[in-house]
Amino acid sequence: MITTPPGLYYVSLAYVASLFPGMWLINGVQSLSQLCSTTILRSTNVALTIICSILVHDLLVHLRPSIGERRASFYAILISLYPVHWFFTFLYYTDIASLTAVLAMYLASLKKRFWVSAILGALAILFRQTNVVWVIFVAANGAIKYAEDFYETKSFPGENEQLIQEENNLLTNKKRTSTFPSLRRRKMNNSANTNKLRSSESSGYSHFHSPGIIIEILDITLKLWSLKWKVLIAFAPYAMILIAFAAFIIWNRGIVLGAKEAHVVSPHFAQLLYFGLVSAAALAPFHFTPHQVAKLCQLFKRNKVLGSFLVFAALGTSCIIVHFFSIAHPYLLADNRHYPFYIWRKVIQAHSTMKYILVPLYVYSWFSIITILGESQKRAWVLSFVLCVALVLIPAPLIEFRYFTIPFFLLILHSPATENSKWLVLGLLYAAVDIFTMAMFLFRPFRWEHEAGVQRFMW
């Protein structure tokens with residue numbers, strides 16, 4: 001049963017219509033229905049994958065201009081080999097179109113083309129409802145960047161002094177005297193000081209330091225409040241989309257389309273743990289190395305008390321999650337075509353203690369992800385990313401690696417990894433997995449006794 005909006009079908013119709021004149025001349029095709037073969041429809045995703053790779057290249061150049069065009073092209077090709085993304089390039093699923101629309105929306109926002117970005121966000125929602133979360137993510141981070149850029153490029157001393165005084169008053173009320181002098185000295189229209197601030201925040205450890213993130217959120221809140229009318233006008237297109245989506249939820253009596261009984265919103269907190277481990281494993285040359293382990297240990301040694309508290313709190317919370325909030329959806333247990341079926345049975349459920357044994361890996365993966373992101377992104381960005389990943393994944397009762405694709409691409413795009421040797425190893429690993437999964441799909445078909453037709457292994 002169809003459970004997503006019809007965006008892919010609209011795009012396919014436009015794609016087939018664009019092919020019709022040429023096919024009419026070459027093969028004498030008389031109608032669009034004759035052209036709507038399985039092969040032609042699947043080729044829609046091939047075309048979208050090419051566009052997606054171009055967007056990845058452009059995003060890399062925009063986000064990390066120091067790597068250059070040639071290296072960005074190299075990275076974009078390797079990222080396109082990411083096994084789940086590559087596999088569904090050749091099938092007629094919404095994942096490729098959904099990812100392409102989200103990346104296009106993000107790139108347009110980074111270039112401050114907010115109306116274009118909002119339109120692409122609406123298109124992304126037409127591919128998959130949960131993309132509304134990524135619309136919020138793009139709009140929120142776009143608004144924060146808009147406010148920060150305003151104070152960096154404009155010089156209004158009176159307003160800046162007033163804003164700084166408001167920050168200091170708030171921090172005084174909270175008795176955070178240790179950070180008061182640094183905030184008083186900061187001038188938001190001074191780009192040099194801003195760069196120093198960003199540099200100080202680049203440490204991964206700082207993302208685990210709660211007073212720091214509270215100060216940053218207060219700073220952002222005050223900036224946005226002082227520019228509230230400018231921000232509201234600039235980001236009105238996103239607001240219109242969110243209002244329209246809220247109206248859809250009211251009209252549809254929920255976010256789910258189609259088989260609502262099979263896609264009931266559930267507190268599946270374990271999804272967040274699965275995403276962390278799968279994403280870190282998919283970037284194993286950067287996360288599971290002695291150097292990365294040593295880096296994390298060194299970061300926690302800077303403050304042993306806080307570091308120990310964070311580790312034990314994360315371990316305890318994860319144990320509670322896997323015990324009470326691990327959901328085995330009926331589809332997961334019944335459909336042996338998909339690899340999660342075997343991972344669930346042969347790994348997670350291999351023994352009653354196995355799900356607890358995996359907890360340290362879950363915790364390490366998330367600490368490693370946050371640390372690496374913290375080397376290039378501010379705390380607010382990292383926090384918003386984690387929250388949006390949670391909003392997308394936790395309500396989903398079914399474990400599907402396809403659901404991880406968009407956050408994974410955002411993660412890899414913002415990871416400041418530039419070692420060519422590690423990227424090459426990553427590409428070789430992706431190619432090996434791609435060959436294996438495609439060989440299983442093509443050459444190891446099987447049949448179900450209760451249903452006619454050939455079944456195939458897939459993600």
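User: Why is Arg 253 called exposed?

Analyst: Arg 253 has a relative accessible area of 79%. Buried means under 20% relative accessible area, exposed over 50%, and partly exposed in between, with a 1.4 Å probe and protein chains only. The value of 79% is therefore in the exposed class. This is a predicted model, in which local features need pLDDT of at least 70 and side-chain atom pairs count only at pLDDT 80 or more, while totals for chains, interfaces and linings use all residues. Residues are numbered from 1 along each chain as its sequence is written, and side-chain values use heavy atoms, with hydrogens and water left out.

User: Where is Arg 253, and what is its phi?

Analyst: Arg 253 is in the loop between helix H14 (236-252) and helix H15 (270-282). Helices (H or I, at least four residues) and strands (E, at least two) are DSSP runs, numbered from the N terminus. Phi of Arg 253 is near 60°, a positive value in a residue other than glycine. Most residues other than glycine have a negative phi.

User: How do you know whether Lys 112 is buried, exposed or partly exposed?

Analyst: The relative accessible area of Lys 112 is 40%. Lys 112 is placed in the loop between helix H6 (95-110) and helix H7 (114-127). Its phi, near 65°, is a positive value in a residue other than glycine.

User: Why is Gln 377 called buried?

Analyst: Gln 377 has 18% relative accessibility, which is under the cut-off and therefore counts as buried. The residue is in the loop between helix H22 (359-374) and H23.

User: What makes the pair Gln 377 and Ser 376 a polar contact?

Analyst: The two side chains are in polar contact at 3.4 Å. A polar contact is a pair of N or O atoms within 3.5 Å; within protein, one must be able to donate a hydrogen and the other to accept it, and residues adjacent in sequence count only if both atoms are side-chain atoms. The contact runs from the side chain of Gln 377 to the side chain of Ser 376.

User: What makes H24 largely enclosed?

Analyst: Nine of the nine residues of H24 are buried, so this helix is largely enclosed by the rest of the structure. Among these buried residues are Phe 408, Phe 409 and Leu 413. Over the chain, buried residues make up 48% of the 459 residues.

User: How do you know whether Leu 59 is buried or exposed, and what does it touch?

Analyst: Leu 59 has a relative accessible area of 0%, so the residue counts as buried. Contact means heavy atoms within 4.5 Å. Not counting residues up to four places away in sequence, Leu 59 touches Arg 64, Leu 103, Tyr 106, Leu 107, Leu 110 and Leu 413. Leu 59 lies in helix H3 (residues 38-63). Its C-alpha atom is 9.5 Å from that of His 414, which is 355 residues away along the chain.

User: What is called the largest pocket here, and how many residues line it?

Analyst: On a 1 Å grid over the protein atoms alone, a cavity is a set of points where a 1.4 Å probe fits but cannot get out, and a pocket is an open set with protein on both sides within 12 Å along at least five of seven lines; lining residues have an atom within 4 Å of a point. Grid points are joined across faces, edges and corners, and a volume is the space filled by probe spheres set on the points. The largest pocket has a volume of about 1400 Å³ and is lined by 42 residues. Thr 3, Thr 4, His 263, Arg 402 and Tyr 403 lie nearest its centre. H8 gives the largest share of the lining, four residues.

User: How is the lining of the second largest cavity divided by class?

Analyst: The lining has five nonpolar residues, one polar and no charged. Ala, Val, Leu, Ile, Met, Phe, Trp, Tyr, Cys and Pro count as nonpolar, Asp, Glu, Lys and Arg as charged, and the others, Gly among them, as polar. The lining residues are Leu 283, Phe 286, Ile 412, Ser 415, Ala 417 and Trp 423. The volume of this cavity is about 30 Å³.
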